[in-house]
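Hi everyone, thanks for coming along. I'd like to walk you through a structure, so please have the picture open and follow with me.

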There are 4 protein chains.
Amino acid sequence: MSEKQKIVLAYSGGLDTSVIVKWLQETYDYEVVTFTADIGQGEEVEPARAKAEALGVKEIFIEDLREEFAKDYVFPMFRANAIYEGEYLLGTSIARPLIAKRMVEIAAKVGAGAISHGATGKGNDQVRFELGAYALMPGLKVVAPWREWDLNSRELLMQYCAEHNIPVEMKRGKKSPYSMDANLLHISYEGGNLEDPWWEPEEDIWRWSVSPEEAPNAPTYVTLSYEKGDVIAIDGEACSAATVMERLNELGGANGIGRLDIVENRYVGMKSRGCYETPAGTIMLKAHRAIESLTLDREAAHLKDELMPRYAKLIYNGYWWSPEREALQAAIDSTQQYVNGEVRLKLYKGSVSVVGRRSEQSLFDEKIATFEADEGAYDQKDAEGFIKLNALRLKISAAKGRSHS
Amino acid sequence: MSEKQKIVLAYSGGLDTSVIVKWLQETYDYEVVTFTADIGQGEEVEPARAKAEALGVKEIFIEDLREEFAKDYVFPMFRANAIYEGEYLLGTSIARPLIAKRMVEIAAKVGAGAISHGATGKGNDQVRFELGAYALMPGLKVVAPWREWDLNSRELLMQYCAEHNIPVEMKRGKKSPYSMDANLLHISYEGGNLEDPWWEPEEDIWRWSVSPEEAPNAPTYVTLSYEKGDVIAIDGEACSAATVMERLNELGGANGIGRLDIVENRYVGMKSRGCYETPAGTIMLKAHRAIESLTLDREAAHLKDELMPRYAKLIYNGYWWSPEREALQAAIDSTQQYVNGEVRLKLYKGSVSVVGRRSEQSLFDEKIATFEADEGAYDQKDAEGFIKLNALRLKISAAKGRSHS
Amino acid sequence: MSEKQKIVLAYSGGLDTSVIVKWLQETYDYEVVTFTADIGQGEEVEPARAKAEALGVKEIFIEDLREEFAKDYVFPMFRANAIYEGEYLLGTSIARPLIAKRMVEIAAKVGAGAISHGATGKGNDQVRFELGAYALMPGLKVVAPWREWDLNSRELLMQYCAEHNIPVEMKRGKKSPYSMDANLLHISYEGGNLEDPWWEPEEDIWRWSVSPEEAPNAPTYVTLSYEKGDVIAIDGEACSAATVMERLNELGGANGIGRLDIVENRYVGMKSRGCYETPAGTIMLKAHRAIESLTLDREAAHLKDELMPRYAKLIYNGYWWSPEREALQAAIDSTQQYVNGEVRLKLYKGSVSVVGRRSEQSLFDEKIATFEADEGAYDQKDAEGFIKLNALRLKISAAKGRSHS
Amino acid sequence: MSEKQKIVLAYSGGLDTSVIVKWLQETYDYEVVTFTADIGQGEEVEPARAKAEALGVKEIFIEDLREEFAKDYVFPMFRANAIYEGEYLLGTSIARPLIAKRMVEIAAKVGAGAISHGATGKGNDQVRFELGAYALMPGLKVVAPWREWDLNSRELLMQYCAEHNIPVEMKRGKKSPYSMDANLLHISYEGGNLEDPWWEPEEDIWRWSVSPEEAPNAPTYVTLSYEKGDVIAIDGEACSAATVMERLNELGGANGIGRLDIVENRYVGMKSRGCYETPAGTIMLKAHRAIESLTLDREAAHLKDELMPRYAKLIYNGYWWSPEREALQAAIDSTQQYVNGEVRLKLYKGSVSVVGRRSEQSLFDEKIATFEADEGAYDQKDAEGFIKLNALRLKISAAKGRSHS
């Protein structure tokens, strides 16, 4: 029986993390425990078992976390209408806290004092993994090979594989020139030609969606049902959280929805260019805002809007497991009690439009809103006092001679 | 020479404000001074002169305010990426402060102590007009006929016209069932069937844009040039502010861009449903965010994002002429100094995509961002200390036994 | 049996509200139901019974709400460290929601469709009462006599009393020239000479505290124990919420603590000058911040600090019973779970100083904080990476030639 | 002529930085250039010259920066009413950006490519110095000896002095057990017994103020005059910015004002306990709020209050030289245009009270605020409409059956 120190590695089964298994074994004499999760990335996770075994790994964890991911991470985040920097739906960011949590739990279970991951020293993911891990198990040691080793090019990695008998698959034709990441919420592309922000990505970069040009010529309509701010049914059919994501990814992808091409600000300090496909997320954001527009009180909605950028930033930066994110979540969730009802959407060649919303908890009051006679539901004369008192401070300022810039 | 008290009326030349002219003359014995402005609503303003004269108006002001509107109101607002409630581009809201300002200036010029407008007592516009007027001329009296009279249906208005010999035009075929408002930034529709938020508007409601389905099958590309956060050229050709709006409205409208169908929260307390077409604004918002993504510092950008909902709310609620809006504008403008460069956009069947952005003031540093070897521009080992110190408070909390919800 | 419409009046037993009883009976033929609450104003409430009876009131509610007031209103507010405009501890504001709630509950019980109060049309209290009442019982009618009648001077009120046989007490020597309000949290003074903001109040305005000059020459030390952000014991002795307030008011008042003289901005639009005595509140604010300083995570604390002004404004403006206040409270309360421990304070001639704080949930880690050798608890080299990555965006900006204003 | 690389050192003339001079010369063979500034720390700076010369320094910069410090750093910060974590007046934080700026300017002048300072790797000051330096001269190298060397105790430092012939003064009797820092705004104490947050500091820790107990038995009154938010005169006598600080430090210190004992959250992640004396700052904060209470518009004031914690945090964390601080400053400064007038204060045994404020730009309108008859300046009936429309959304929610938590 081994008396080596154990380390839990977030293992994809791919080239990089396979090299890391070997490197951890050789460099630090660790007993490597692998953890591979299905969070909807669209690749089989079971093959990781044989690969890990081939590398001499004895404890192998392979888990399907799709429901947990959708229900406890993606859905709470969408209650906040979270968008980072006006555009990014946080697809990569929101997966990391769950991975961190499971790694820490596995470490506790197998008696490991360290974890490792394959994220580079330039990106956000290292931060997200490690902040999560430290917040959940403070004594943990983190080994981040990309910050330590000198295998910083594909050639050096291949050479390392050759020297250490790590089998290299030549899968799916030519290697993508982009760094990719995928889960139920999105697939992302970075690197390669994208490092020129003036360069328009060629069509074949995109994997989850058809181009708007090739999407159907007729629109697709879909109705989402909400309960307490979460989608619970599609076109009247009840769905689990993960199923909601999967179906909407299909519907959205088929209609060219959810492509995004941005320059974003990383937490580690530089700007980077990324392309994303987020079909389900793009639909859900639009729909959630629509159901809120009918059921949420105005000032609760405005409070949420003002808190949102901060909430999104916390998730982007890796602070899911923090008291400040939890405090904001408590505020957000307290507003979702009556966010129930249905939203009807039109999907067409890249765009999502809301074409109807209804709710038993609707705060829309036709009688009051109407421009027609309202039988006294609203007394227009009240507006005069409302305006006059709101203007009072401005009038006093002006009367004292203050002018406007 | 008249010794009557004068009142300045925001006069469109349409039925409602023509009735108001007469009503003000009769009810209060006012000498009515009319003010009609071209702010890009797409109708001739000159015909208002003859109509006013026919109503016995002696002082008639007709002005082309399009450049001022675009340059001093729309453009500063777009520097903020302002959106109300996640969707609305504030097309009506932003026109009111300018109208209020000109009415007050005309009142000062002609010696009027009162102003009047045709906005109802249920809407936001009365608030915007009156807050602006009070802030700029605190002693002013405001007469809001819709809050006073009992002509609260079209039939009663028509009857009033008949009784007072006000000519009623039967223009452009059948009367629209919707309440509309237009300017360089948008055209809006409210009322009628729209008062059912589950009802999908029929295609012929829309006036400025073709439907995405009928838009061209090939995308249109356009490049906008920015200087200090404002668009100064389209496809390399320098344009005035109003011209920018007009050209982008054409381009956007032709590609089915800028339609919006929402339920919004009015300042006077109820929810209302509105449809909007904002072609130029939709393009400009996307493009401004893109040029900022390249040229704006991260924390300046995040500060702007956190302030934006509040800024948008101020404009929506009618507080353009307020010290708090001016303070926020000062913050926003201070960030736009280096927001220069070009954004290339693809317009296609209802959607706007950014496909490139470049700038001499770009803060995107390929050498640092690259996943390839960077020759020491960035030391990955720095990330370890960065993460550890950011994690320190979380580690201490966890070490003290605190758990996560 | 009466078939008159009933109205519930917030009745103090004083002159003004006695006149209102009669006025409501006469003007609107209401059956007046009185409600008098002890919220710690320091006057007997039972005498209000005989006075109401003398005015012909048949249903009289007299209640001791001190514990509910302290526990469910004052304490939650102090968890937020709420201060309005940097100075005001919201003593009057926080009492109104409770009064509104009880009035509405009594209205429901006795079958009244209306409520009334004695607040003027210029102040905040009318807003606080009425927003609360409308939020809790939307169909309610509110009668605000001060906004309707013309008894707008003391002389006219006295004359009304004479004409309607309302007995006028000549209590406690000469009438105070100030408008006062008191409850467990504070006593306030407005009006009279205070309307000149340059005028320094004479010593005898103050009723709850001795002057700092006359306070004892030796300091008083007191220790407060906290549990989940609330004070639960004084000097080791467990106290109910109301008892905490009462004891600290005594201790504070005896040491000249809690006087405040400010100009504040009312929600109805004007500035007003007020003097306040808030002995317990002044001590509790200082102590709560101190126990938080030891037990609250940094970012949770900063989030609270940023939300606080908004939370305070909501309470000041009368929005206790609103979804946005409740959302903020959810965020605040979520941070108080570990705010346990003890704070030791020194009270001396008008000032409160914290001289010690300790907690089993303390996050203060002497080993890490020390300037002495720390045996590796903190690696100073981590700071270099921390600083370098935080500086990266600033360095890139500077390298691109941007300068500072 | 030397061909050595030059480094600019922030040199106090004390033991630590003298050791650093030698250590930089020996360890890196640097040509050390010293920079010593008088920012009001209350010690002569000129003696640093001889000490530096004795250490072989050839280029010595000694500067009096008191006016610049007060005028361009302290005063702008006080316009914001900045307080960190509800208590701390940022005395140390605000001095660092100026030192960083001068070091960088001297580096540019003498052709140095590096700077060094004596701040430890556990504190905030290293961050403030270095962020400032990187933001102003991005290519600069920073050498932080405390993060590198192993001289991490007083004994080792003394031994180093002995070995390298560095003269050690035995000044002012026994060495203080506390780590101190002083400038025009404050003097701070950390370390030693203070590392126990339950321990009450003994009286002789305090250097700038008498104890409240020993302060005069009669109050001192002082009047400050403001122009655009800055103090320009004391008791009617015009003063430069630095003189304002010096005089108020004397007045405050003599009356026991400005002592503070807190646990604060450092940017590098731990909590620390500090004691501070900030006599002038404590007076100025109170006075500035008072003059603003009279002259600042309500919503501008509230906006400032909401932005303040963020602004204070930026300064605390070292981001003075950042676009986000500059954007906030632009907003703050835009509100100060009319912040003119006088504030009269009472200083007495540790507390500052405002007893009067007046201004030609006062927005306090006695006619409107009065509870007496106001001759129509304010129509109380307006309040009804104001309340009803503000309540509308709450009424609709309640009518739909929503309840309150």
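This is a predicted model: local features need pLDDT of at least 70, side-chain atom pairs count only at pLDDT 80 or more; totals for chains, interfaces and linings use all residues.

Let's start at a hairpin in chain D, the one made by β8(D) and β9(D), with two residues between the strands.

β8(D) pairs with strand β9, residues 230-234 of chain D, in the antiparallel sense, over four bridges. If you want a landmark, find D:Leu224, which stands opposite D:Ile234 in β9(D). Strand β8, residues 220-227 of chain D, has another partner too: seven bridges join it to strand β13, residues 341-348 of chain D, and these two also run antiparallel. There, the landmark is D:Val222, standing opposite D:Leu345 in β13(D).

Let's move over to chain B, where there is another hairpin. This one is formed by β11(B) and β12(B), and it has five residues between the strands. Here B:Gly269 takes a positive phi near 115°. Strand β11, residues 259-265 of chain B, runs antiparallel to β12(B), with seven bridges joining them. One of the residues to look for is B:Leu260, whose bridge partner in β12(B) is B:Tyr276.

Strand β7, residues 187-190 of chain B, pairs with β12(B) in the antiparallel sense, and four bridges link them.

So, is β12(B) buried or exposed? Seven of the seven residues in this strand, 271-277 of chain B, are buried, so the strand is largely enclosed by the rest of the structure. Here is a bit of background: in a regular strand, the side chains alternate between the two faces of the sheet. You can follow that in β12(B), where both faces are covered. On one side you have B:Lys271, B:Arg273, B:Cys275 and B:Glu277, on the other B:Ser272, B:Gly274 and B:Tyr276, and all of these are buried.

Let's step back to a whole chain, and take chain A. Its secondary structure comes to 13 helices and 14 strands. Along the principal axes, the C-alpha atoms of chain A fill a box of roughly 85 × 55 × 40 Å. Chain A has 405 residues, and 66% of them count as buried. If you take the contacts in chain A between residues at least 6 apart in sequence, 74% join residues at least 24 apart.

Next, how chain A meets chain B. This contact takes 105 residues from chain A and 105 residues from chain B. Between them, the two chains bury about 9800 Å², with 55% of it on carbon and sulfur atoms. How many salt bridges are found across this interface? There are twelve. One to zoom in on joins A:Glu324 to B:Arg393, where the closest N and O atoms are 2.7 Å apart. The largest share of the side of chain A that touches chain B comes from helix α13, residues 382-399 of chain A, which provides twelve residues. By class, that side of chain A divides into 43 nonpolar, 21 polar and 41 charged residues.

Chain A also touches chain D. Here the contact takes 26 residues from chain A and 25 residues from chain D. About 2600 Å² is buried between these two chains, 57% of it on carbon and sulfur atoms. On the chain A side, A:Leu389, A:Arg393 and A:Arg402 lose the most area to chain D, together 25% of what that side buries. The salt bridge count between chain A and chain D is two. In a salt bridge at 2.8 Å, N to O, the side chain of A:Arg393 meets that of D:Asp297. There are also ten residue pairs in polar contact between chain A and chain D, both residues at pLDDT 80 or more. Helix α13(A) gives the most to this side of chain A, with twelve residues.

One last stop, in chain C. C:Ala300 sits in helix α10, residues 298-317 of chain C. Its relative accessibility is 1%, so C:Ala300 counts as buried. Leaving aside neighbours within four places in sequence, C:Ala300 is in contact with A:Pro323, A:Glu324 and C:Thr335.

Key
Residues are numbered from 1 along each chain as its sequence is written. Chains are lettered from A and ligands numbered from 1 in the order in which they are written. Side-chain values use heavy atoms; hydrogens and water are left out. Contact means heavy atoms within 4.5 Å. Buried area is the accessible area (1.4 Å probe) that two parts lose on being put together, summed over both. A salt bridge is a side-chain nitrogen of Lys or Arg within 4 Å of a carboxyl oxygen of Asp or Glu. Ala, Val, Leu, Ile, Met, Phe, Trp, Tyr, Cys and Pro count as nonpolar, Asp, Glu, Lys and Arg as charged, and the others, Gly among them, as polar. Buried means under 20% relative accessible area, exposed over 50%, partly exposed in between (1.4 Å probe, protein chains only). Two strands pair if DSSP finds at least two bridges between them. A polar contact is a pair of N or O atoms within 3.5 Å; within protein, one must be able to donate a hydrogen and the other to accept it, and residues adjacent in sequence count only if both atoms are side-chain atoms.
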